[in-house]
Amino acid sequence: ERFIDTASHELQTPLAALRNYLTLVDRAVGDEVDEPTRRYLKGALEQSRRLGELASRLFDVSVIRHGRTVVQRETVDLGAIVAESVAQSEMADPGGQIDLRLPTSKAMVEGDPMRLRQLFGNLLTNAMTHGSSSEPVQVTVERLGRDARVTIADRGRGVPEEVRQVLFTPFSPGAPDAREGLGLGLYLAQTYATEHGGTVSIEARDGGGTVARLTLPLSRRRS
């Protein structure tokens, strides 16, 4: 645990600097390098981004375990946050397919916009990474009674029942992001949802694939 605290804190600054330097080099060389060099540079940028995400997640785990989390609550449109995250995902991966459906009436919730973006982003990243390349990931935001629900459904290989039982355990080797990271994405998503009085569930999808559901209480101010 002490290692996590130290590593998460000490790694963030040099990794941010590394990514900034690589970005500057990428901009400076432009199209003046050959294709292999361009490919290597893009690969270095992508790997530095992934390292930065891992350090950020370790830092979040450290903060959570020490009870130092601070949630800045305000009334926000959950549909707008989801739509923004979907747009960012599509820009980052133009080949990814996402079918977004929003409610006719806004789903207003009380929450921290940054945390909610992280929460939904973790769930969407899992679906985009492990879903089928031939079928779009379906994202639906809806109002159900006193709750707002976000459903993310993919047509990937699915998650076996025995793995689903440990999905929300930190550093779980069975977590969908464990093959490319530390297995923290769903643990953090569940923690953020709980902080907002909500829940996250992962289920098998009829016909194959996985369904992730995020449920949050609607704001009483504008329900």
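Colleague: What share of the contacts in the protein with a separation of 6 or more comes from residues 24 or more positions apart?

Modeller: In this model, which is predicted, residues 24 or more positions apart account for 69% of those contacts. A contact is counted where heavy atoms come within 4.5 Å, and the 69% refers to the contacts with a separation of 6 or more.

Colleague: How many helices and strands does the protein have, and in what pattern do they follow along the sequence?

Modeller: There are six helices and seven strands, and, read along the sequence, they follow the pattern α-α-β-α-β-β-α-β-β-α-α-β-β. Of the 223 residues in the protein, 40% are buried, while the protein exposes about 12500 Å², with 51% of that area supplied by carbon and sulfur atoms.

Colleague: What makes R115 count as buried?

Modeller: The relative accessibility of R115 is 8%, and buried means under 20%, so R115 falls within that class. R115 is found in helix 4, which covers residues 113-130, and R115 is one of the buried residues of that helix, among them also L116, L119 and F120.

Colleague: How do you know that the side chain of R115 makes a polar contact with the side chain of Y192?

Modeller: The distance given for this pair of side chains is 3.2 Å, and a polar contact needs N or O atoms within 3.5 Å, so the pair of R115 and Y192 meets that limit. R115 can also be placed relative to E195, a residue 80 positions away along the chain, with the two C-alpha atoms separated by 9.4 Å.

Colleague: Why is the span of helix 4 said to be close to the one expected?

Modeller: Helix 4 has 18 residues, and from its first C-alpha to its last it reaches 26 Å, which is set against an expected 26 Å at 1.5 Å a residue.

Colleague: What makes D112 a cap at the N-terminal end of helix 4?

Modeller: A side-chain oxygen of D112 lies 3.0 Å from the backbone nitrogen of M114.

Colleague: Is S89 buried or exposed, and how do you know?

Modeller: S89 is buried, for its relative accessibility is 18%, and the limit for this class is under 20%. S89 lies in helix 3, residues 78-92, and, leaving aside its neighbours within four places in sequence, S89 is in contact with I98, L124 and M128.

Colleague: Which strands pair with strand 4, and in what sense does each of them run?

Modeller: Strand 2, residues 98-101, is joined to strand 4, residues 137-144, by four bridges, and these two strands run parallel; in that pairing L100 stands opposite V139. Strand 5, residues 147-154, pairs with strand 4 in the antiparallel sense over seven bridges, and there T140 stands opposite T151.

Colleague: What lies between strand 4 and strand 5 in their hairpin?

Modeller: Two residues lie between them, and G145 in the turn has a positive phi of about 65 degrees.

Colleague: Why is the pair of E135 and R155 called a salt bridge?

Modeller: The closest N and O atoms of E135 and R155 are 3.9 Å apart, and the cut-off for a salt bridge is within 4 Å, so the pair qualifies. This pair links distant parts of the chain, with E135 in the loop between helix 4 and strand 4 and R155 in the loop between strand 5 and helix 5, 20 residues apart. E135, at 39% relative accessibility, counts as partly exposed, and so does R155, at 26%.

Colleague: How many salt bridges does a search of the whole structure find?

Modeller: The search finds five, including the one between E203 and R213, whose closest N and O atoms are 2.6 Å apart. E203 lies in strand 6 and R213 in strand 7, so this pair ties together parts that are 10 residues apart in sequence. Another salt bridge joins D99 and R101 at 3.2 Å.

Colleague: What makes D99 partly exposed?

Modeller: The relative accessible area of D99 is 25%, and partly exposed residues lie between the buried limit of 20% and the exposed limit of 50%, so D99 belongs to that class. R101, at 46%, also counts as partly exposed.

Methods: Residues numbered from 1 in each chain as written. Predicted model: local features only at pLDDT ≥ 70, side-chain atom pairs only at ≥ 80, totals over all residues. Heavy atoms only, no water. Buried < 20%, exposed > 50% of the residue type's maximum accessible area, 1.4 Å probe, protein only. Polar contact = N/O pair within 3.5 Å; in protein donor to acceptor, adjacent residues only side chain to side chain. Expected span 1.5 Å × (residues − 1). Areas by Shrake-Rupley, 256 points an atom, 1.4 Å probe, with all protein chains shown as cover. Pairing = 2+ DSSP bridges. Salt bridge = Lys/Arg side-chain N within 4 Å of Asp/Glu carboxyl O.
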